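Please read this short report alongside the sequence and the structure shown here.

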Amino acid sequence: MAYRKLHWKAKAIVDKNFREIFSAEIISVTGGILAGFLLAVILDKILLIPGIFIFLPGFLELRGNISGSLSARLGTALDIGKIKPKYIQRFTIENFAATFIEVLFVALALAAIAFLLTYFLFGVAVPSLFLIALIASLVSNLVESSLAILTTIWLFKRGHDPNNIMGPYVTTTGDIVGVLSLMLAIWLI
Amino acid sequence: MILVAASILSTIGGIGLEAIKQKVAFFIPLLILIPALNDMIGDFGTIISSRFTTLLFEGKIRGKWWKSKELAKEFGTISTISLFIAFYLGMLSIFFSLLQGFKVNTIEILKVVAISYILTASLVLTIFFVSIVSGLFVYKRKKDPNNILIPLTTALADIGSLILFSILVWLLF
């Protein structure tokens, strides 16, 4: 009797909403852990750059926001029939180009804030933060925005609603691509 | 503008991380946790805000929100999920740090899981409270709560998760 009560209580909690939120979150946070693992791999290089921990959260947040809004715009345009599901067309090219302007502007603003905070709070001037921000933002945007466009249109062509899937997808890939781009930028500097 | 503001707010949280950089560097599972915790709390901010707004528009929440069965169910669902995911995060960060050859003892594993749980529970509760108070305030003024709640809770999640994480690491390690 007690087991039956527990079974029905559990069934009431683990409904469709629970399963959808749970599965999306598992995917999203697993990607975050993988990104954290990659950070641990380059830890010795990160520690050589003061202020990088101030820059990092904003940079990863930026990646998710840019790709998320790009895939949302594409998804909506596909849903309402504004565009056809073609990979190369004026709408996708214009939006792809626009993301570069957005990401460069914000990444350099973040680098400026990290530079100023590091200088005034910790007494260290780190001009290389700007170069790291520039390289990491360009590389990550090239990869991540391409992935966002290709995946959104691919999902739509197969009859799925990209708006239901792209959220956790761009969060996961954004973190991993962001950290990999940062790795490349630090290695080049 | 919102994009710039959201990213800048995360940078403020990064000040806390920079201050505890040496402790995080010394204990790898903490570093592995950072992006995932930040993502998770941000996601819950969006989920709680949008679901609360939906309940408002459906008329399922009136003046006495604490008597709403639907709100209680939402709270139960999201709290349960967040606590499962917090445990999953803690254990996965330990697993990946072991893959890197980093050794941990039982006390350290408990500390990592405790940080994950305390941070998740505190912020999910705070976000729920902020969503209810702000959402009702905005709704009564005939505005769409989504426009205010989502940026507000996302900003709270971003700054809150990193600063609370920094405080917990400073206290426990």
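## A glycine in a helix

In this predicted model, helix H2 of chain A, which covers residues 16-41, includes A:Gly31. Is A:Gly31 buried or exposed? A:Gly31 counts as buried because 23 C-beta neighbours lie inside 10 Å, where the cut-off for a buried residue is 20 or more.

Leaving aside residues up to four places away in sequence, A:Gly31 is in contact with A:Thr171, A:Thr172, A:Thr173, A:Asp175 and A:Ile176.

## Chain A as a whole

Chain A has 7 helices and 0 strands, and its C-alpha atoms fill a box of roughly 65 × 50 × 25 Å along the principal axes. Of its 189 residues, 42% count as buried. Among the contacts in chain A with a separation of 6 or more, 83% join residues 24 or more positions apart.

## The largest nonpolar core

The largest nonpolar core holds 85 residues, and the members that touch the most other members are A:Phe55, A:Leu110, B:Leu37, B:Phe44 and B:Leu89. The element that gives the most to this core is helix H3 of chain B (residues 28-57), with 15 residues.

Which residues does A:Leu110 touch, not counting those up to four places away in sequence? In chain A, the partners of A:Leu110 are A:Phe55, A:Gly58, A:Phe59 and A:Ala133, while in chain B they are B:Ser7 and B:Thr11.

Conventions: Residues numbered from 1 in each chain as written. Chains lettered and ligands numbered in written order. Predicted model: local features only at pLDDT ≥ 70, side-chain atom pairs only at ≥ 80, totals over all residues. Helix = DSSP H or I, 4+ residues; strand = E, 2+ residues; numbered from the N terminus. Buried ≥ 20, exposed ≤ 12 C-beta atoms within 10 Å, placed from the backbone. Contact = placed C-beta atoms within 7 Å. Core = buried A, V, L, I, M, F, W, Y, C linked by C-beta atoms within 7 Å.
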